[in-house]
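Let's take a walk through this model, one neighbourhood at a time. Have the viewer open and follow along.

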Amino acid sequence: MDEDTRYEAVSSRDARFDGEFFFAVETTGIYCRPSCPAVTPKRKNVTFFPTAAAAQGHGFRACRRCRPDAVPGSAAWNVRADVVGRAMRMIGDGVVDREGVPGLAGRLGYSARQVQRQLTAELGAGPIALARAQRAHTARLLLQTTGLPVTEIAFASGFASVRQFNDTIRRIYARTPSELRTESGTGTGTGTGPRTVLAAGVPLRLAYRGPYAAREVFDLLAAEALPHVEEILGVPGARTYRRTLRLPYGTGIVSVDERAAGPWLEARIHLTDLRDLTTAVQRLRRLFDLDADPYAVAERLGADPVLAGRVAARPGVRSPGAADPEEFALRTLAGPEEAARLALTYGTALDSACGTLDRLFPEPAALTGHPVVGPLATALATGAVRLDPGADREEAEQALRAVPGMTADRAALIRMRALGDPDAAPAGSPVGGPGAEAWRPWRSYALHYLDATAAPPA
């Protein structure tokens, strides 16, 4: 998009572009999402930025009306396989917070200076600024949905010090943390202790753009649900998906509701360590494919005579990912029945069960001696196969194919789900042949449209 097209999107308050770019107004010092309901500023006063971090780096503060930090992520980071796309996926997963820029660079196979230069050149902000913007969003979320003390929130959000936390919140939101908490319509500011917050969970609204075919997503999750690790409650149209998560600092239990009250899914996350909040949110976003661009998918696939009717009948069909990529790979190789036995026999028991959820799926290191999944577990445990958010998808698929017992179709499925590739094409599927080239880069979505569960009614 050129800047004139972006301004047209701003003038029409087009929510399709929320998260794809941001605009800032020189006369007010505020940056917004394209669909901001405020009066459209004059073109001469508007500057466009590819990321919120870039706008913040130029001294602009977040709009109070449209909350630009709460938009869906850009679909570009899921599509792109280059260094910038991989880096953005890892920053979203919290790698910079846990390992710093050197850790991010090491995972990408580049020097810290090269990563800094590439991100700054394309996105207007380096990895530290991008991570800081994400920390600020997490902090605002905790300030406005929990009663945790400010000090606890600072470190739970990933800030190194309370001073850094206070300075960042003031710069981005033009308010102190206490003012942000007590503003109308947000948190009450009661002094709830960490133990109470961990027990109650953090309520969330997981934003998405465009139509969202929740029924198809929840049907798939219900069909795949692994006892002791996952469960689906309720009836179609009003279901809740729940599962356990193994996270960098502890464990979690997450729940997501099928029924949407707005352009978001209602969720609640229970964590043993609040530092895992950012990572848990990103894993849910990948599982439910919330950063997708259904408009771009429909434009490409809806023009094809084979898919046109299905796309029209089922707007917003998504390509779900995986909450735990390594778990998904092991389950794919094992099959449903053996995966259930693995969870029950080798899974780690939770300190406190929640309904039927009482296990974490076993780590790869615990399964290296298993006759079926042992070779894959060993490859995952040693790093011979990498399935983290920043993994190179082509290299990962080739490494998977080299694992004994792994078929090409299973490797492609793992690439599609565990690595979130929107253009995966299993060789034996309808999207794996030369006739499907017109569906690129959305062949994963085409596969879901061709699936029987997404077929239009007779």
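This is a predicted model: local features need pLDDT of at least 70, side-chain atom pairs count only at pLDDT 80 or more; totals for chains, interfaces and linings use all residues.

Residues are numbered from 1 along each chain as its sequence is written, and side-chain values use heavy atoms, with hydrogens and water left out.

Start with the sheet. Strands of a sheet pair through backbone hydrogen bonds, either parallel or antiparallel. Here four strands form an open sheet in the order β3-β1-β2-β4, and the pairing is mixed. β3 (46-49) and β4 (61-62) are the edge strands with a single partner each, so one side of each has no neighbour in the sheet. Helix α1 (residues 3-11) packs on the sheet and touches β1 and β3, its direction making about 105° with that of β3. As for the terms, helices (H or I, at least four residues) and strands (E, at least two) are DSSP runs numbered from the N terminus, strands pair if DSSP finds at least two bridges between them, and contact means heavy atoms within 4.5 Å.

Now zoom in on β1 (residues 22-25), which runs antiparallel to β2 (residues 30-32) over three bridges. Ala24 sits in β1, opposite Tyr31 in β2. Is Ala24 buried or exposed? It is buried, at 0% relative accessible area (buried is under 20%, exposed over 50%, partly exposed in between, with a 1.4 Å probe and protein chains only). Leaving aside neighbours within four places in sequence, Ala24 has contacts that include Ile30, Val46, Phe49 and Phe60.

Next, find Asp388 in the loop between α18 (374-382) and α19 (393-401). Asp388 is buried too, with a relative accessible area of 16%. Its side chain reaches the backbone nitrogen of Gly390 at 2.9 Å. Not counting residues up to four places away in sequence, Asp388 touches Met90, Arg107 and Leu419.

The axes of α19 and helix α20 (residues 408-417) come within 9 Å and cross at roughly 145°; axes are lines fitted to C-alpha atoms, for helices over the stretch in contact, and angles run from 0 to 180 degrees between N-to-C directions. On the α19 side, the contact residues include Arg393, Glu397 and Leu400, while those from α20 include Ala408, Ala411 and Ile414.

Notes:
A polar contact is a pair of N or O atoms within 3.5 Å; within protein, one must be able to donate a hydrogen and the other to accept it, and residues adjacent in sequence count only if both atoms are side-chain atoms.
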